[in-house]
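Me: Hey, I'm new to this one. Can you walk me through it?
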Amino acid sequence: FYSCPKLTTVDLVGRIHNTVASLHLESWRNEMKGEINRINHVLRNASALEKTPVVRNWMGSVIRLLDRYKVEHKAMLKEATTLLELALWKANLGDNEGGVIEREGVR
């Protein structure tokens, strides 16, 4: 970007917008959108020599934030899966105990 002194905006294209839209929490989506849009405010005030490092730092920031939310999302899924397994296990135990009691009552 050293040869682009008039660069003032960056428009992201591709799957990043789908990824952001699929984030679990609205606060995550809002923070990601804010971080993605931040570059356009920063570039307006950056000198021609600052543009490349500014864009590099911004890209790293977007990637780190997205990676953090992916890790948090996986942790939430793991917790939800564990709770579901426990609930199914408890329900199955309740069904089995009821069956034993019913059979004993018939004798």
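Me: Let's start with a polar contact. What does the side chain of Ser-61 make a polar contact with?
Reply: The side chain of Glu-35, at 2.7 Å. Keep in mind that this is a predicted model.
Me: Where is the place of Ser-61?
Reply: Ser-61 sits in helix 3.
Me: Is Ser-61 buried or exposed?
Reply: Ser-61 counts as buried, because its relative accessibility is 19% and the cut-off for buried is under 20%.
Me: And which residues is Ser-61 in contact with, leaving aside neighbours within four places in sequence?
Reply: Glu-35 and Arg-38.
Me: New topic: the largest nonpolar core. Which residues touch the most other members?
Reply: Leu-23, Met-32, Ile-36 and Tyr-69 do, out of 15 residues in that core.
Me: Which elements give two or more residues to this core?
Reply: Helix 1 (16-21), helix 2 (26-45) and helix 3 (51-106). Helix 3 gives the most, with six residues.
Me: Back to Leu-23. What is Leu-23 in contact with, if I skip neighbours within four places in sequence?
Reply: Trp-28, Arg-29, Met-32, Leu-66 and Tyr-69.
Me: OK, last thing, confidence. What is the mean pLDDT of the chain?
Reply: The chain has a mean pLDDT of 87, and 89% of its residues reach 70 or more.
Me: Which element has the lowest mean pLDDT, and which the highest?
Reply: Helix 3 has the lowest, at 85, while helix 2 has the highest, at 94.

Key: Residues numbered from 1 in each chain as written. Predicted model: local features only at pLDDT ≥ 70, side-chain atom pairs only at ≥ 80, totals over all residues. Heavy atoms only, no water. Core = buried A, V, L, I, M, F, W, Y, C linked by side-chain atoms within 4.5 Å. Buried < 20%, exposed > 50% of the residue type's maximum accessible area, 1.4 Å probe, protein only. Helix = DSSP H or I, 4+ residues; strand = E, 2+ residues; numbered from the N terminus. Contact = heavy atoms within 4.5 Å. Polar contact = N/O pair within 3.5 Å; in protein donor to acceptor, adjacent residues only side chain to side chain. pLDDT = per-residue confidence, 0-100.
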